[in-house]
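Hi everyone, and thanks for making the time. I'd like to walk you through a structure this morning, so please have a look at it on the screen while I talk.

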Amino acid sequence: MEPSFESFNTTTSETHLFNNISNYLSITMSLLLDNTQPPSNQVSSLPLLDIEDTNLIQYGETIPHLQSCPTLAKGMNFPNFEIAIHYCIEFGRFNGFSVKKKRVEKNNDASIKSRCIDCEYSGRIRDNNKIMIRNKGSKKTKCSWHINLSQPLNVNYVKITKFVNTHNHELLPDNTLFAPQFRGLSEDIKSDIEHYVKCGVIDLPTIRSLLKLKFPNQFMLSQDLLAYI
């Protein structure tokens, strides 16, 4: 028995409806999948870690002076402890004080885990009469300036985790001339001293006079010259 025309139309409409629903579901699923997959150009868009002066690594432990006062702030990262400490020393040089290495904590493999850098005026004189007499000229003032440096496990950078940038004493502009941390003879002066000594000139007054003629603008302390001679 052949189907009627009316029955044929009903069957055709159901087929179209089924096809439309299938297409709609397919498009919807495709859009959902597209939204869960980030574009390929965004997969590696995480910001790179900002690490200060990686170019100083080439100098090893003989890092040169910086040309301008460095910026220090909590959260800053450095390639290693040597460069981080050098930044602290240079910060003090430009601001009229010296720093000193204080507390240090090490990992099981003897590598440095954390380090504290203090102002030269930090600490206090112990309350002992003999010690007080011996250190009556001490410059300790309990200065609170300090920086905490840390290198977390399995990372290749050193981070400033704390920075207290306050002093309770006068800052000295000429600190770079007299502080042992910053004093030193230039390589040219050392070379000339070696030449004078090889020529038999070994007395301090003569060497100092010769150097002052050649380096009139160079500040030189007699004890530094004598120590190198």
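Let me begin with one definition: two strands count as paired if DSSP finds at least two bridges between them. Please also keep in mind that this is a predicted model.

With that in hand, let's start at strand 1. Which residue of strand 5 is the bridge partner of Asn77? It is Lys159. Strand 1 and strand 5, residues 158-164, are joined by two bridges and pair in the antiparallel sense.

Let's move to the strand 2 end. Strand 2 covers residues 99-106 and strand 3 covers residues 112-119; the two run antiparallel, with six bridges joining them. If you want a pair to look for on screen, find Val104, which stands opposite Arg115 in strand 3. Strand 2 and strand 3 form a hairpin with five residues between the strands, and there Ala110 takes a positive phi, near 75°.

Next, the charged side chains. How many salt bridges does a search of the whole structure find? It finds four, and I'll show you some of them.

Asp118 forms a salt bridge with Lys102, with the closest N and O atoms 3.3 Å apart. Because Asp118 lies in strand 3 and Lys102 in strand 2, this pair ties together parts that are 16 residues apart in sequence. Asp118 is buried, at 5% relative accessible area, whereas Lys102 is partly exposed, at 38%. Then there is Glu105 with Lys113, whose side chains meet in a salt bridge at 3.7 Å, N to O. Here Glu105 is partly exposed at 41%, and Lys113 is partly exposed at 36%.

My other pick is in helix 2. Arg93 forms a salt bridge with Glu90, and their closest N and O atoms are 2.7 Å apart. Why are they separated by about one helical turn? Because they are three residues apart in helix 2, residues 81-95. As a general point, an α-helix has 3.6 residues a turn, so residues three or four places apart point the same way.

Last stop: helix 5, residues 187-198. Helix 5 has 12 residues and reaches 17 Å from its first C-alpha to its last, close to the 16 Å expected at 1.5 Å a residue. Its buried residues are Ile189, Asp192, Ile193 and Tyr196. Seen down the axis of helix 5, these buried residues fall within an arc of 105°, so they line one face of the helix. On the other side, Glu187 and Lys198 are exposed. After helix 5 comes Gly200, with a positive phi near 95°.

That's my tour, and I'm happy to go back to any part of it.

How values were computed:
Residues numbered from 1 in each chain as written. Predicted model: local features only at pLDDT ≥ 70, side-chain atom pairs only at ≥ 80, totals over all residues. Heavy atoms only, no water. Helix = DSSP H or I, 4+ residues; strand = E, 2+ residues; numbered from the N terminus. Expected span 1.5 Å × (residues − 1). Buried < 20%, exposed > 50% of the residue type's maximum accessible area, 1.4 Å probe, protein only. Arc of directions from axis to C-beta.
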